[in-house]
Amino acid sequence: MPTIHLLIKGIVQGVYYRASAKEQADRLHLTGWVRNTPEGYVEITATGEAAALDKFIAWCRQGPSRAIVSEVESRPLPETRFEDFAIRRG
């Protein structure tokens, strides 16, 4: 299954972004992880069906209601297997 790396920029920390991303990933049956970066971004690696990843990326461009997303950088990664979708400490 495809794996992607996302870097979400904007007002994305302290607005429930990581927890909301986990909820979305779980709903879409994605595995991987999400964490805050020291630069104030949110970083995500996700694996799943291509259609589910497309929906997830679309959600990431909006985020939860308090987030203001200015940019989402996306790049493919080699296929990676994860057991679940986890929130990691930055």
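This is a predicted model: local features need pLDDT of at least 70, side-chain atom pairs count only at pLDDT 80 or more; totals for chains, interfaces and linings use all residues.
Biologist: Where is Leu-28, and what does Leu-28 touch?

Modeller: Leu-28 sits in the loop between α1 and β2. Leaving out residues up to four places away in sequence, Leu-28 touches Ala-52, Lys-55 and Phe-56. Leu-28 and Ala-52 are 24 residues apart along the chain, yet their C-alpha atoms are separated by 5.8 Å.

Biologist: Then there's His-29. What makes His-29 exposed?

Modeller: The relative accessible area of His-29 is 68%. Exposed means over 50%, so His-29 is exposed. His-29 is also in the loop between α1 and β2.

Biologist: What stands out about the phi of His-29?

Modeller: Phi is near 60° for His-29, a positive value in a residue other than glycine. Tyr-16 also has a positive phi, near 70°, and isn't glycine either. Tyr-16 belongs to the loop between β1 and α1.

Biologist: Which residues meet where α1 and α2 come together?

Modeller: From α1 there are Tyr-17, Ser-20, Ala-21, Gln-24 and Ala-25, and they meet Phe-56, Trp-59 and Cys-60 in α2.

Biologist: Which residues touch the most other members of the largest nonpolar core?

Modeller: Those are Leu-6, Ile-8, Tyr-17, Ile-44 and Phe-56, out of 24 residues in the core. The elements giving two or more residues to this core are β1 (3-11), α1 (17-27), β3 (42-47), α2 (50-60) and β4 (68-77). The largest share, 6 residues, comes from α2.

Biologist: What does Ile-44 touch?

Modeller: Not counting residues up to four places away in sequence, the contacts of Ile-44 include Leu-6, Ile-8, Tyr-17 and Phe-56. Among the others are Trp-33, Val-34, Cys-60 and Phe-85.

Biologist: Which residues does UniProt list as "active site"?

Modeller: The unreviewed UniProt entry lists Arg-18 and Asn-36 under that name. They're spread over 19 residues of sequence but cluster in space, with a largest C-alpha distance of 7.7 Å.

Biologist: Why is Arg-18 called partly exposed?

Modeller: Arg-18 has a relative accessible area of 26%. Arg-18 lies in helix α1. Not counting residues up to four places away in sequence, Arg-18 touches Val-34, Arg-35, Asn-36, Ile-87 and Arg-88.

Biologist: And how do you know whether Asn-36 is buried or exposed?

Modeller: Asn-36 comes out at 17% relative accessibility. The cut-off for buried is under 20%, so Asn-36 counts as buried. Asn-36 is in strand β2 (residues 31-36).

Biologist: What does the record say about residues 3-89?

Modeller: UniProt lists them as "domain: Acylphosphatase-like", in an unreviewed entry. In the model, that stretch is 25% helix and 39% strand, and its end C-alpha atoms are 21 Å apart.

Methods:
Residues are numbered from 1 along each chain as its sequence is written. Side-chain values use heavy atoms; hydrogens and water are left out. A nonpolar core is a set of buried Ala, Val, Leu, Ile, Met, Phe, Trp, Tyr and Cys residues joined through side-chain atoms within 4.5 Å. Buried means under 20% relative accessible area, exposed over 50%, partly exposed in between (1.4 Å probe, protein chains only). Helices (H or I, at least four residues) and strands (E, at least two) are DSSP runs, numbered from the N terminus. Contact means heavy atoms within 4.5 Å. UniProt positions are given in the numbering used here, feature names are shortened, and annotations may be inferred rather than shown by experiment.
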